[in-house]
Amino acid sequence: MHTYQDYILQQAKSLLSIDSPSGFTDRAADYLTDIYRGMGYEPVRTKKGGVLVDLGGEQEGDAILTAAHIDTLGAIVAEIKGDGRLRVSPIGGMNANTMETGNCTIYTRFDGTYEGTCQLVNASTHVNGAFSQTLRDHNNVEIVLDEDVHSKEDVQKLGIRNGDFVCFDPVTRVTASGYIKSRFLDDKLSAAILMGYAKYRKDTGKSTKRKVYQYFTVFEEVGHGASASIPADVTEAISVDMGCVGEGIACTEKEVSICAKDSGGPYHYGLTTELIRIAKENKIPYAVDVYPFYGSDVEASLRSGCDIRHGLIGPGVYASHGYERSHVEGMMNTFRLLAAYLDRC
């Protein structure tokens, strides 16, 4: 299993380098499609833009779906101000506090891309005496374009319009001590783990009795990622997403987190118990937790009417929806649990 660590890390870096906030995910989906075709699979693009891959299995019916999402937080241009600055509307849970001082790229629909930085309005502390007391919200931060613009008309001449996507630099780093730091580890780290499992199956010729699907969704951050396109033979779905790390939570960045309950309610008791049992048997470092503010892809599937057992696992991630941090051990423990569970099916 350890041989897949470098592959998963590289795929995580590659995915993180592709801007893909919810609603703007085609390039990331294209990348996945190419990689899976290169491995010999036949990925299918859903109408919503997700990527569904059949990994195979020996019997019909009672299939398992594993889901990760490749859409991220981001923003969209809501107003071009009179001074040439941009007011933005967040996509998903992008918080103004974590946007501040972030470098970003503005994607116009027809006129290329431009760079900018998210700053507090009147951001110079030597000028603004209320800098520290100012509430950071989406009305008090703005995008400062790295162009010689001073008016709304100057910006419009560049081709920037309301509705253009604003994508933030992930600032990805992997330290010598094994920590993985980046925006949007939620959920591109777990997407890379699924890619690692697909490669593992191809490399080893591993097969399972039950058919296994992988589903890369593209609207999870806005709540309806896996609400559609679940194959009819699926009876069980596991969301592979970030595990929470923080006060009151047992998990660390080095463990695989198994979620017992989140904002949507408890996960399937039998499936959760089986995941815990397999982690214990294989001596995989894990933690079981309750996430107070969280929702997953497979809950969207349930709300859309799917009659399935559902579970949630993922590598521990600190500072979620901010500048996030995980560890290669948490990444690989998630990979090991996923492989150990699926290989027995």
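Predicted model: local features only at pLDDT ≥ 70, side-chain atom pairs only at ≥ 80, totals over all residues.

Visitor: Okay, what does D54 form a salt bridge with, and how far apart are the closest N and O atoms?

Guide: The partner of D54 is K211, and the closest N and O atoms of this salt bridge are 3.5 Å apart. K211 sits in the loop between helix 5 and strand 12 while D54 belongs to strand 2 (residues 51-56), so the pair ties together parts that are 157 residues apart in sequence.

Visitor: And K211, is that buried or exposed?

Guide: K211 counts as buried, because its relative accessibility is 13%.

Visitor: How many salt bridges does the structure hold?

Guide: The structure holds 17 salt bridges. One of them joins R45 and D30, with the closest N and O atoms 2.7 Å apart; this pair links distant parts of the chain, since R45 is in strand 1 (residues 44-45) and D30 in helix 2 (residues 26-39), 15 residues apart. R45 is partly exposed at 33% relative accessibility, and D30 is also partly exposed, with a relative accessible area of 37%.

Visitor: What about R277 and E281, where do they lie?

Guide: Both R277 and E281 lie in helix 6 (residues 269-281), four residues apart, which is about one turn of the helix. Their side chains meet in a salt bridge with an N to O distance of 2.4 Å. R277 is partly exposed, with a relative accessible area of 32%, and E281 is partly exposed as well, with 42%.

Visitor: Changing topic: which residues does the UniProt "binding site" annotation cover?

Guide: According to the UniProt record, an unreviewed entry, the "binding site" annotation covers D186 and E221. These residues are spread over 36 residues of sequence, yet they cluster in space, the largest C-alpha distance being 9.4 Å. Both D186 and E221 are included in the lining of the largest pocket.

Visitor: Tell me about D186 first: where does it lie, and what does it touch?

Guide: D186 lies in helix 5 (residues 185-204), and with a relative accessibility of 7% this residue counts as buried. Leaving out residues up to four places away in sequence, D186 touches H69, E221, D241, M242, H321 and E324.

Visitor: And E221, buried or exposed?

Guide: E221 counts as buried, at 12% relative accessibility, and its place is in the loop between strand 12 (212-217) and strand 13 (234-240). Apart from its neighbours within four places in sequence, E221 is in contact with S22, H69, D71, T72, L73, G92, D186 and H321.

Visitor: You mentioned the largest pocket. How much space lies in it, and which residues lie nearest its centre?

Guide: About 500 Å³ of space lies in the largest pocket. The pocket is lined by 29 residues, of which F293, Y294, G295, S320 and H321 lie nearest its centre. The elements giving two or more residues to this lining are strand 14 (243-245), helix 7 (297-303) and strand 18 (309-318), and the largest share, four residues, comes from helix 7.

Visitor: What kinds of residues are in that lining?

Guide: The lining of the largest pocket divides into twelve nonpolar, nine polar and eight charged residues.

Visitor: What volume does the largest cavity have?

Guide: The largest cavity has a volume of about 50 Å³. Its lining includes L16, I18, T72, L73, F168 and K188, and the lining residues divide into eight nonpolar, two polar and two charged.

Notes: Residues numbered from 1 in each chain as written. Heavy atoms only, no water. UniProt positions renumbered as here; feature names shortened; annotations may be inferred. 1 Å grid on protein atoms, 1.4 Å probe; cavity = no way out; pocket = protein on both sides within 12 Å on 5 of 7 lines; lining within 4 Å. Buried < 20%, exposed > 50% of the residue type's maximum accessible area, 1.4 Å probe, protein only. Contact = heavy atoms within 4.5 Å. Points joined across faces, edges and corners; volume = space filled by probe spheres on them. Nonpolar A, V, L, I, M, F, W, Y, C, P; charged D, E, K, R; others polar. Salt bridge = Lys/Arg side-chain N within 4 Å of Asp/Glu carboxyl O.
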